[in-house]
Amino acid sequence: MLRYALKRGFSLIISLAVASLVIFFVIEIAPGDPASFMLGINAEPDTVAALRAELGLDQGKLQRYLAWVGGMLQGDFGMSYTYRTPVAGMIADRMWVSLPLALYALTLSTLIAFPAGIYAAARRGKAGDMAVMGATQLGVAVPNFWFAMILVLVFAINLRWFGAGGFAGWDDGIGTALHSLTLPAIALALPQAAILARVMRSALLDILGEDFMRTARAKGLTRRQALWRHGLRNAMIPVLTIIGLQFSFLLAGAIIIEQVFFLPGLGRLVFQAISSRDLIVVESVVMILVFAVITVNFLVDLAYALVDPRLRSRT
Amino acid sequence: MTRNLILGTGLSSLVVLAALVSFIWTPFDHTAMDIPAKLQQPNGTHWLGTDHFGRDIFSMIMVGARTSIAVALVAVGIGMGLGVPLGLAAAANKGSWLDEIIMRANDLVFAFPSLVIAILITAIFGAGAINAIAAIGIFNIPVFARITRGAALSLWEREFILAARVAGKGAARISGEHILPNIANLLIVQGTIQFSLGILAEAGLSYVGLGAQPPTPSWGRMLADAQTMVSFAPHLALIPGSAIVITVLGLNLMGDGLRDWLDPKLRLAR
């Protein structure tokens, strides 16, 4: 297990290194000099040069890349070109909205999908199964930001149970904060729950046909006992993969949903940064998102190896 | 399960038809503003009502279908055009450094969700339909590469491939003449799925302003425009959203139906 973890850990580091290179050099080819953009078209050349030196833009590419990565490793993401504040602080503030939102949505999605998938699998081919499958077919087709607008229309504008947008912050207690994240989380969660329920159902159906399930029944377990004790555990492998993948979709999806609800998360930060050509913020946020995706997938791989020893020998 | 196929093909054809017809006819000019007639509910003249500039929503939906389909179709084309050859090459050279590089590069692209790619591209080149296509297309490459490699690997073990090798055909020729025709069904089904995901992605990108720019109508931007008016003109949000749902639902049903129809074994295997 340790060997497997080390091997995967090594490739995790390689992936992160390559990803950081790609992001840095892609941003690097962007036209326009941040310093002249910040100072406007009437700036004197020597003022621009002074600012370039201050921002470290006069150094070589490789040097700047190493400084960027070295800084990130120590939690220093550099200075925002437009706000003149540390990028790390800006990202940390926004992260307190985006990350809880994605986790909240992931929890909701799992809570909806598991019962729905198990129920559909247990009633394969019957009306209940058809109803769940029909609902998931629709759930997959609904764009989450549109669903979010419908939720606002119904629950914020007509019923007035929730605010139509904005974030209360964590200072007034967890309850208030979660209340303002509830509609966004539901909007993010439902389409993902539809996918997860389908995966859960088909994974369970695969397992139900296995010999060991027949053995479990033959030794006297009821259908329900066999399903809970042996079926679910084995069905968890594909389900875990999808949950891991979904986390990255939820984090990226949160960027769009934040626009619907005017939430001050990473999404708003990155769009503001794009429009003000604050490229260091853009590259840092993108790096954080990619870091999250790669790391979560690494953790999912480790989780598999714990659940299923057979996977440790493969790569 | 031909029911899925019929329903899915029906819905998808409807959307494609609307897009095609929009080239020669729309009830109104989709860019023509008529402020006195703004924010009308659906009625006899304006079948789906009008927006805040008095533009005819039905016409905008028809032309918007064009944008959605064009973006998603080209993005699938990019994904297939680059992903399939890469997957074939990786499978033909299984275990070699080429295979390893292709698969690792794929893993890397997977770490950049299409939205993140779009953000990077827009940060550099600015927003626009072409960049949306590139973002969705790049994300499609590893999807097709992976599925092609997986399917091709199992074919390489088969006797008819061995026979072809004995006959003296090289790896490239075998991939083209024997592997590709045998995985075409799989690719068509995956293409349908990626097409529907592309429609959703395009809508999302143009909603946040990274997709097609005005005056090109797109369903995502119609939704973005509708957002501040949803309390007094809900039809502005309901109609483009329904158009997206119908299109995606149709394509997904068609994909499911095609899979069952083309390969009953696949259904049992799932």
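1. A residue is called buried here if 20 or more other C-beta atoms lie within 10 Å of its own, exposed if 12 or fewer, and partly exposed in between, with C-beta atoms placed from the backbone. With 20 C-beta neighbours inside 10 Å, B:Ile138 counts as buried. B:Ile138 is found in helix H5 of chain B, residues 129–156. Helices (H or I, at least four residues) and strands (E, at least two) are DSSP runs, numbered from the N terminus.

2. This is a predicted model, in which local features need pLDDT of at least 70 and side-chain atom pairs count only at pLDDT 80 or more, while totals for chains, interfaces and linings use all residues. Residues are numbered from 1 along each chain as its sequence is written, and chains are lettered from A and ligands numbered from 1 in the order in which they are written.

3. On confidence, the model scores ipTM 0.86 and pTM 0.86. For chain B the mean pLDDT (the predictor's confidence in each residue, from 0 to 100) is 86, and 97% of its residues reach 70 or more. Where pLDDT is low, the predicted coordinates should not be read in detail.

4. Chain A has 13 helices and zero strands. Its C-alpha atoms fill a box of roughly 85 × 55 × 35 Å along the principal axes. Of its 315 residues, 35% count as buried.

5. Chain B has ten helices and zero strands. The box for its C-alpha atoms, again along the principal axes, is roughly 75 × 45 × 30 Å. Buried residues make up 49% of the 270 residues in chain B.

6. Two residues are in contact if their C-beta atoms, placed from the backbone, lie within 7 Å. Of the contacts in chain B with a separation of 6 or more, 70% are between residues 24 or more positions apart. Leaving aside neighbours within four places in sequence, B:Ile138 is in contact with B:Val109 and B:Ile117. B:Ile138 and B:His46 are 92 residues apart in sequence and 39 Å apart in space, C-alpha to C-alpha.

7. At the interface, 37 residues of chain A are in contact with 30 residues of chain B. The chain A elements that give two or more residues to this side are helices H1 (2–28), H6 (127–141), H7 (144–158), H10 (223–261), H11 (266–275) and H12 (279–307). By class, the chain A side has 32 nonpolar, five polar and no charged residues; Ala, Val, Leu, Ile, Met, Phe, Trp, Tyr, Cys and Pro count as nonpolar, Asp, Glu, Lys and Arg as charged, and the others, Gly among them, as polar.

8. A:Pro143 is found in the loop between H6 and H7 of chain A. This proline counts as buried because A:Pro143 has 26 C-beta neighbours inside 10 Å. Not counting residues up to four places away in sequence, A:Pro143 touches B:Leu200, B:Ala203, B:Gly204 and B:Ile244.

9. Helix H7 of chain B (residues 171–207) has 37 residues, but its end C-alpha atoms are only 45 Å apart, short of the 54 Å that a straight helix would reach. That expected span is 1.5 Å times one less than the number of residues. A kink of about 50° lies at B:Leu180 in H7(B), shortly before B:Pro181; the bend at a residue is the angle between axes fitted to the seven residues ending there and the seven starting there. Just after H7(B), B:Gly209 takes a positive phi of about 90°.
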